[in-house]
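Reader: Please show me the model. I want each label set against its cut-off.

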Amino acid sequence: MEMSAKPQEECGSIRVVVVQSRDFSSILRTLMALKAVKQLYPKIEITFVCRDRFSEPVRKVSWIDNVKSIPVDQFVDPVIKEGVTEKKMLGAMAIWLRPLIENPWDIFVDWSFDEVGSYLSALIPAYVKLGFSRNSNNGLICADDWSQYIQAIVQTEINQDIHITDIMTTQLLTALQVNYGPPANENQDKAVTESEFFNVKVEGNLFNRLDRTTDKKWVVIHLGASDEGWCWSNSNWADLVETVLHRHPDHGVIVLGGQSYENFHALVSGTSLSEFKASGRLQLLIGEVTFDEWVFALNLGSALISSDSAAIHLASILGVRALCLNATQERNFVKGPYGNGHVVLVGENLSVNSVYHTWKNAILDWSRSESARLIEHLKDALTESEAATIQIFKSRIRPVDDGGGVVFEDIEKKSITYKEWISKVNSHIARVWFCGWAPNVEQELEQSRIDFRLLKELREIKDPVYQVCELMTKCVDVASDLATLSEISSDSQVMSVERKDKVQRLGGELSKADRVLDEMSSKFPILRVLSQSSRVMMHNLHGDELLDISLESLKAYKRLSDGAFVIKEWVDKTFYIAKPKPISKREFGKDGGLVR
Amino acid sequence: MENQELTQETERLLFCLLQSLIRERISSDNKGA
């Protein structure tokens with residue numbers, strides 16, 4: 001059901017259908033990406049498809065034109081619980097699907113990047129498709145380049161640091177720009193986040209409880225687990241609440257959480273926390289709030305402290321600063337809080353002291369203490385072992401000229417690890433491949449962050465990277481020969497035996513090169529970006545004729561070759577940046593000392 | 001559409017979609033157990 005793009009002049013509004021069949025965190029990330037796109041293309045008319053249990057919050061977003069919920073239980077329960085055959089359920093599903101397939105959409109977007117999204121993509125007709133889809137053999141295919149990157153890199157957890165919200169935004173903006181021209185300029189600098197993102201209405205008990213005390217500064221704590229299932233213990237949270245309330249008489253604390261965290265109440269009764277609760281400075285809203293109340297409570301807060309991914313994304317959307325706790329850093333780059341000034345505290349055994357002082361210095365007093373002062377404060381407040389086991393990142397939206405998107409900067413500017421270096425290289429490759437532009441390596445790497453451990457790793461990969469560049473250059477030549485041969489052969493009905501042999505030989509050379517690349521990438525993780533992308537790109541080659549496939553394969557090898565040379569450039573430039581630079585004569589004073 | 005014949009292709013894709021949803025449910029039930 002794929003079609004060619006609709007000509008621009010036929011368009012009034014641009015009808016876009018967006019499928020997000022995953023969890024609530026994914027829905028919030030999707031909404032944030034859509035808001036950015038809607039600001040640039042106000043003409044888009046959005047229909048949002050999500051599971052029924054998440055549809056109510058989406059209906060509260062005024063610029064989402066239509067919400068179509070997937071009644072999962074209605075489709076699944078009869079089969080699982082009542083023994084109804086799958087075939088019998090298809091009629092009900094077809095009725096549900098009908099409004100989505102009546103008229104072809106201008107753009108179909110699957111941002112679930114999963115099976116459900118891929119089948120909906122195959123079912124719903126559209127002029128342009130983004131995300132995963134299905135081919136006629138039922139195989140999973142990627143409808144566009146960024147989706148290949150998601151499948152090859154993001155979903156295989158190869159290190160890269162482009163935030164998923166930025167990937168989605170860029171993906172849709174590129175499609176809009178290609179098919180409908182450049183965006184309206186006047187909206188480019190508008191903030192995406194806002195406290196009134198959702199139209200919510202809160203009255204009654206909770207409103208009275210919290211509104212009476214709006215002279216207080218509220219810290220919101222949301223009990224819950226990160227995307228990886230990591231969470232802090234309830235007793236740690238209780239200690240943190242107590243510390244904040246004791247040391248900051250001008251603050252109150254609101255504790256939110258799902259029903260599974262109701263045992264937190266037990267930690268309050270019989271302790272000094274119960275007095276804070278009685279005085280109204282501690283508000284426990286665990287397992288009892290509606291979505292509207294959740295938004296209301298977060299909007300009252302000066303900050304959110306949590307490891308719960310949905311809470312963190314909701315705070316990001318509402319423009320509330322988040323202190324996000326997690327055990328590892330990698331996924332924060334991809335799925336962390338979006339926006340300026342959020343803080344991510346990483347450590348496997350985070351102490352109450354570390355979290356409290358990070359909140360106090362990195363969120364509460366940030367305006368007064370810049371990075372250097374913050375580090376000094378933390379050194380004074382934390383024990384040596386506490387300081388050694390944590391890492392603090394601050395989020396920042398980069399200007400477009402610096403590469404754009406959200407980045408998480410290590411406030412201590414510790415030496416860059418090999419993993420982080422790989423992450424930067426892979427993201428650079430993605431920008432070169434899909435944006436056609438990437439910032440200079442010098443802009444991304446500071447000399448002071450390169451240490452001997454990184455250089456040691458790079459010395460080990462230098463030769464293999466150079467070899468892969470040669471290999472990929474050769475592949476481009478072979479693929480080019482194959483395309484030329486296919487072009488000649490396409491003119492005649494029957495391919496000569498000689499040409500057939502040559503086609504087979506060239507194909508064999510490419511297969512051999514693929515195997516070599518696979519073997520090398522199993523030894524050197526930096527090359528995985530190429531071998532994984534190669535696998536996904538080759539799977540997604542489409543065309544019925546040998547010529548079409550050869551041309552697509554040539555395009556894929558050119559892309560892989562570009563990627564290999566990006567890695568080479570990073571290796572070379574990292575050595576160059578790390579090299580001590582001679583000080584020019586002008587920098588010495590008359591007495592031979594350095595001029596400062 | 002209830003009175004119309006589903007095309008073979010639509011029927012196949014809807015069937016796959018339903019199976020996906022069922023697999024997800026079974027897997028989440030197993031995790032919860």
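Reader: Which residues of α6(A) meet which residues of α22(A)?

Author: First, the ground rules. The model is predicted: local features need pLDDT of at least 70, side-chain atom pairs count only at pLDDT 80 or more, and totals for chains, interfaces and linings use all residues. Residues are numbered from 1 along each chain as its sequence is written, while chains are lettered from A and ligands numbered from 1 in the order in which they are written. Now the contact. Q148(A), Q151(A), A152(A) and I153(A) of α6(A) meet V529(A), Q532(A), S533(A), R535(A), V536(A) and M537(A) of α22(A). Contact requires C-beta atoms, placed from the backbone, within 7 Å.

Reader: What is the make-up by class of the contact of α6(A) with α22(A)?

Author: The contact has 5 nonpolar, 4 polar and 1 charged residues. Ala, Val, Leu, Ile, Met, Phe, Trp, Tyr, Cys and Pro count as nonpolar; Asp, Glu, Lys and Arg count as charged; the others, Gly among them, are polar.

Reader: At what angle do helix α6 and helix α22 of chain A pack?

Author: Helix α6 (residues 145-154) and helix α22 (residues 528-539) of chain A pack at about 130°, with axes 9 Å apart. Angles run from 0 to 180 degrees between N-to-C directions, and axes are lines fitted to C-alpha atoms, for helices over the stretch in contact. That angle makes α6(A) oblique to α22(A). Under 35 degrees is roughly parallel, over 145 roughly antiparallel, 65 to 115 roughly perpendicular, and the rest oblique.

Reader: Why does one side of β10 and of β15 of chain A lack a neighbour in the sheet?

Author: β10 (282-286) and β15 (406-410) of chain A are at the edges, each with a single partner strand, so one side of each has no neighbour in the sheet. The open sheet has 8 strands, in the order β10-β9-β8-β11-β12-β13-β14-β15 (chain A), and its pairing is mixed. Strands pair if DSSP finds at least two bridges between them.

Reader: How many bridges join strand β12 to strand β13 of chain A?

Author: Strand β12 (residues 321-326) and strand β13 (residues 343-346) of chain A run parallel and are joined by 4 bridges. L325(A) is opposite L345(A) in β13(A).

Reader: How much of chain B is buried?

Author: Buried residues are 15% of its 33 residues. Buried takes 20 or more other C-beta atoms within 10 Å of the residue's own, exposed 12 or fewer, and partly exposed lies in between; C-beta atoms are placed from the backbone. In chain B, 16 residues contact 21 residues of chain A.

Definitions and conventions
Helices (H or I, at least four residues) and strands (E, at least two) are DSSP runs, numbered from the N terminus. Two residues are in contact if their C-beta atoms, placed from the backbone, lie within 7 Å.
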